[in-house]
Amino acid sequence: MSTPTRSNPPPATELLIDDHRRVDALFDAFDEADHADEQAEIVTRICRELTVHAELEEKLLYPASRDMLRGDDQDLVDEAFVEHASLKGLMMRLDGMKPSDALFKAYVTVLKEYVQHHVKEEEKEYFPKLRGSDLDLRAVGARMLTLKQELTSALSKLPVTRGKVTAKLLPGPPLEQRAAA
Ligand SMILES: [Fe+2]
Ligand SMILES: [Fe+2]
């Protein structure tokens, strides 16, 4: 995708799919990394990418799409919220771990599997429903570009150390309130 601008925003789904591919590439890089420092840095980057991505979806796409989808299709939104909660739980555990910790690699592997499952559902089921709905995906995309810039800027001010990534960016309301928003 060419560089997105707010005057000509791509559909929100395209921006999000772009994020998905970037996270895929980071997991591949983790698999190829030989050194603990490199692995730790890649995991930090994965958690940052996923944290920003989850905020964009939960604040902008999921609430707007619930209003546009009907019946069983609304279940896709609820399931996405619940899957995000699982992913955040794994990320919060990982965020405080070092590569030398016994379960570090297992947490990365399970996070990757959960992300792959969630991404597949979004790309194969949820997003196609949105493309067939009345939701203005370019308008949501424009709002996403703004929020992403804010979140990325907030994250860039945090030191790249363990245990600092997810908690600082996830002080929001509990899942139930987000889902009902
Ligand atoms: Fe996503
Ligand atoms: Fe998601």
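**A predicted helical chain with an iron pair**

Helix H3, which covers residues 73–95, has 23 residues and spans 33 Å from its first C-alpha to its last, close to the 33 Å expected at 1.5 Å a residue, where the expected span is 1.5 Å times one less than the number of residues and helices are DSSP runs (H or I, at least four residues) numbered from the N terminus. This is a predicted model, in which local features need pLDDT of at least 70 and side-chain atom pairs count only at pLDDT 80 or more, while totals for chains, interfaces and linings use all residues. Residues are numbered from 1 along each chain as its sequence is written, chains are lettered from A and ligands numbered from 1 in the order in which they are written, and side-chain values use heavy atoms, with hydrogens and water left out.

The buried residues of H3 include Leu76, Val77, Ala80, Phe81, His84 and Leu87, buried meaning under 20% relative accessible area (1.4 Å probe, protein chains only). An α-helix has 3.6 residues a turn, so residues three or four places apart point the same way.

The iron ion (ligand 1) is coordinated by His20 (NE2), His53 (NE2), Glu57 (OE) and Glu122 (OE), at 2.1 to 2.2 Å; donors are N, O and S atoms within 2.8 Å of the metal (3.2 Å for Na, K and Ca), and sites may look incomplete because water is not among the atoms. His20 in helix H1 (residues 12–32) and Glu57 in helix H2 (residues 36–68) are 37 residues apart, a pair that links distant parts of the chain. His20 counts as buried at 4% relative accessibility, and Glu57 is buried at 0%. Beyond its neighbours within four places in sequence, His20 is in contact (heavy atoms within 4.5 Å) with residues including Val119, Glu123 and Phe127.

Methods
Helix = DSSP H or I, 4+ residues; strand = E, 2+ residues; numbered from the N terminus. Buried < 20%, exposed > 50% of the residue type's maximum accessible area, 1.4 Å probe, protein only.
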